[in-house]
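Student: I have a model open on my screen and would like to learn to read it. Could you walk me through it?

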Amino acid sequence: FESFRGNLGTMLNSMYDRDCSTFNPKGKVLQVDYACEAVKHGSICVGIRGKDYAVLATLKKSKSELASYQEKIFKIDDYIGMALSGITADARILCKYMRTECLNHRYVYESAHPLQRLLNKVCEKS
């Protein structure tokens with residue numbers, strides 16, 4: 001019975017964690033708790049912009065000695081890079097989307113994608 005009660009609690013939580021505006025019976029929004037936990041698992045990334053160049057730096061951090069670190073800096077296009085701090089899977093989806101948009105723009109217009117337009121597309125996607 002105890003294992004059933006534990007499974008029932010997990011099932012009830014899953015009913016309340018699908019939306020960011022749904023409160024569970026205790027009055028909490030579980031999506032906020034999940035976001036706070038994701039921040040705790042993130043690593044540091046820093047960007048510095050100079051007159052001619054920009055530098056992206058991240059902290060190489062692995063969960064254990066047996067696991068290798070995950071890449072945190074990605075090349076989007078010849079002049080666009082991306083550093084991530086947080087959940088790698090989410091960032092990889094955005095990275096793939098941005099790369100696809102840059103490739104499509106280069107194929108159609110034979111020029112690099114304007115950065116501001118690319119950022120607007122990413123913002124509209126979410």
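Tutor: Let's start with a term: contact means heavy atoms within 4.5 Å. This is a predicted model, in which local features need pLDDT of at least 70, side-chain atom pairs count only at pLDDT 80 or more, and totals for chains, interfaces and linings use all residues. Residues are numbered from 1 along each chain as its sequence is written, and side-chain values use heavy atoms, with hydrogens and water left out.

Student: Which residues is Thr88 in contact with, leaving aside its neighbours within four places in sequence?

Tutor: Begin with its place, which is helix α3, residues 88–109; helices (H or I, at least four residues) and strands (E, at least two) are DSSP runs, numbered from the N terminus. Thr88 counts as buried because its relative accessible area is 8%, where buried means under 20%, exposed over 50% and partly exposed in between, with a 1.4 Å probe and protein chains only. Once neighbours within four places in sequence are left aside, the contacts of Thr88 are Gln70, Glu71 and Lys72.

Student: Which element of the chain has the lowest mean pLDDT, and which the highest?

Tutor: pLDDT is the predictor's confidence in each residue, from 0 to 100. The chain averages 81, and 82% of the residues score at least 70. Among the elements, the lowest mean, 50, belongs to helix α1 (residues 2–16), and the highest, 94, to strand β3 (residues 73–77).

Student: How many residues lie between β1 and β2 in their hairpin?

Tutor: Two strands pair if DSSP finds at least two bridges between them. Strand β1 (residues 45–49) and strand β2 (residues 54–58) pair in the antiparallel sense over five bridges. Cys45 faces Thr58 of β2, and Gly47 stands opposite Leu56. The number of residues between β1 and β2 in the hairpin is four.

Student: Which residue in β4 is the bridge partner of Lys75?

Tutor: β3 and β4 run antiparallel and are joined by four bridges, and a hairpin links them through two residues. On β4, Ile80 and Met82 make up the covered face, while Gly81 and Ala83 make up the uncovered one. The bridge partner of Lys75 in β4 is Gly81.

Student: Is Leu84 buried or exposed?

Tutor: Leu84 is found in the loop between β4 (80–83) and α3. Leaving aside neighbours within four places in sequence, Leu84 is in contact with Cys45, Thr58, Glu71, Lys72, Phe74 and Ala91. Its C-alpha atom is separated by 8.4 Å from that of Ile44, 40 residues apart along the chain. With a relative accessible area of 4%, Leu84 is buried.

Student: And what is the relative accessibility of Lys96?

Tutor: Lys96 has its place in helix α3. From C-alpha to C-alpha, Lys96 and Phe74 are 9.9 Å apart, with 22 residues separating them in sequence. Lys96 counts as exposed, because its relative accessibility is 62%.

Student: At what angle do α3 and α4 pack?

Tutor: Two packed helices are described by the angle between their axes and the distance between the axes. Here axes are lines fitted to C-alpha atoms, for helices over the stretch in contact, and angles run from 0 to 180 degrees between N-to-C directions. The axes of α3 and α4 are 11 Å apart, and the packing angle is about 135°.

Student: Which residues of α3 and α4 make that contact?

Tutor: On the α3 side, they are Leu94, Tyr97, Met98, Glu101, Cys102 and His105. From α4 come Arg117, Leu118, Lys121, Val122 and Lys125.

Student: What is phi of Glu110 near?

Tutor: Glu110 sits in the loop between α3 and α4 (115–125). Glu110 is exposed, with a relative accessible area of 71%. Its phi is a positive value in a residue other than glycine, near 55°.
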